[in-house]
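Please read it alongside the sequence and the coordinates.

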Amino acid sequence: MTRPLGITVSRHIMDSQRLHPAATGDLTGLLNELIVAAKTISAEVNMAGLADILGMSGKTNIQGEHVQKLDEFANNTIKRRMARCGYLCAMTSEEEADIIPVVEGYEGKYTLAFDPMDGSSNIDVNVSIGTIFSIHRRLSPDGGPGDESDLLQRGRRQVAAGYIIYGSSTMLVFTTGAGVQGFTLDPSVGEFFLSHPDIRIPDKSKYFSINEGNYHYWQEPVRRYLHYLKEEDKATGRPYNGRYIGSMVADFHRNLIAGGVFLYPRDSKNPTKTYGKLRLLYEAAPLAFLAEQAGGRAVTDDGREILDIEPEGLHQRVPVIVGNAHDVDIFLEFMAEKR
Ligand code: AHM
Ligand code: MG
């Protein structure tokens with residue numbers, strides 16, 4: 001069987017590093033460790049049904065090992081591998097209330113915020129899920145453990161961000177601030193190969209993605225915007241098609257590749273969700289960085305650029321509107337009652 005003669009992700013990262021003669025190789029090392037974690041999780045996701053692990057936390061598997069739920073498995077895989085990679089000083093995860101320290105003696109100069117298994121409601125039903133990550137340079141002096149302030153940095157200061165989508169194939173999509181690159185995992189050789197170089201979000205949108213079940217809980221301008229997207233107007237390519245998976249990674253990925261806008265605005269359903277559902281540090285900010293790098297835009301429903309929000313807490317939530325820049329602009333015109 002012939003193997004693809006493509007560019008591996010490690011090759012690509014090393015080549016990019018060469019363009020920065022002052023680079024120490026730490027970010028390269030960090031990304032490479034994260035990629036190993038991603039491959040481990042991907043293998044587990046693919047075995048999920050067979051290994052009978054879904055939703056059976058606390059039981060033992062056929063080898064007599066403790067069986068973990070997939071989101072627990074993903075969290076532990078990243079946490080354990082990255083805690084002694086030597087490049088991080090602190091981490092935060094959607095699965096953990098507190099800051100995650102790294103192993104003493106292994107402190108490095110970066111921080112990692114991650115959502116180990118995004119789209120968790122889709123795990124048990126064989127629908128695409130993903131892992132999201134965001135990397136910052138620490139603010140505290142190098143050496144010794146990092147603290148919360150190292151993690152509470154604006155998205156604009158990210159040095160790298162991306163996601164791994166476990167779909168019909170496993171893909172890694174990331175940016176280090178020089179465009180967005182997409183790699184597809186060839187499971188037979190265990191390597192990610194460059195399959196989507198320099199991703200740009202299409203100028204013409206096809207899709208909108210929003211949980212329409214929340215229609216009656218939205219603000220009025222959001223409802224009017226949705227109505228607008230469904231109107232017929234050949235010149236602007238409307239109506240758009242509605243597509244909603246319920247895994248932000250998967251919804252974002254489709255719109256990034258095929259063109260569209262994703263929305264999770266605030267709603268009145270639940271007082272704790274007044275300011276949105278999605279988390280700033282490891283959901284909204286990394287995808288906003290990718291969107292901007294691909295020529296798109298990401299804002300809150302009150303018009304703040306996601307990348308400029310000063311984080312107040314590790315698990316802070318924000319409303320998110322992300323995708324094609326023109327679609328986002330029009331959304332904001334509706335919110336400002338200009339339409
Ligand atoms: P999770 O990280 O617990 O899976 O929650 C985040 C997910 C996103 O992936 C998705 O966009 C959203 O929640 C879906 O929410 P809803 O079911 O309210 O539409
Ligand atoms: Mg999530």
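Asn 126 is placed in the loop between strand 3 and strand 4 (129–137); strands (E, at least two residues) and helices (H or I, at least four) are DSSP runs numbered from the N terminus. Although Asn 126 is not a glycine, its phi is positive, about 60 degrees.

The model is predicted: local features need pLDDT of at least 70, side-chain atom pairs count only at pLDDT 80 or more, and totals for chains, interfaces and linings use all residues. Residues are numbered from 1 along each chain as its sequence is written, chains are lettered from A and ligands numbered from 1 in the order in which they are written, and side-chain values use heavy atoms, with hydrogens and water left out.

Pro 239 belongs to the loop between helix 5 (220–230) and strand 10 (241–242).

Around ligand 1 there are 15 residues, of which Gly 119, Asn 211, Tyr 244, Met 248 and Tyr 264 come nearest; a residue is near if one of its heavy atoms lies within 4 Å of the molecule. The shell divides into five nonpolar, five polar and five charged residues. Here Ala, Val, Leu, Ile, Met, Phe, Trp, Tyr, Cys and Pro count as nonpolar, Asp, Glu, Lys and Arg as charged, and the others, Gly among them, as polar. Domain 1 (9–196) and domain 2 (207–335) each give at least three residues to this shell, the domain bounds coming from an automatic or database domain assignment.

The table lists polar contacts, that is, pairs of N or O atoms within 3.5 Å.

| Polar side-chain atom of | Distance to an oxygen atom of ligand 1 |
|---|---|
| Asp 115 | 3.3 Å |
| Tyr 244 | 2.5 Å |
| Tyr 264 | 2.6 Å |

Taken alone, ligand 1 exposes 470 Å², and the protein buries 84% of that (Shrake-Rupley method, 1.4 Å probe). Strand 3 (110–118) and strand 11 (260–264) are the elements that give two or more residues to the shell around ligand 1.

How values were computed. A polar contact is a pair of N or O atoms within 3.5 Å; within protein, one must be able to donate a hydrogen and the other to accept it, and residues adjacent in sequence count only if both atoms are side-chain atoms.
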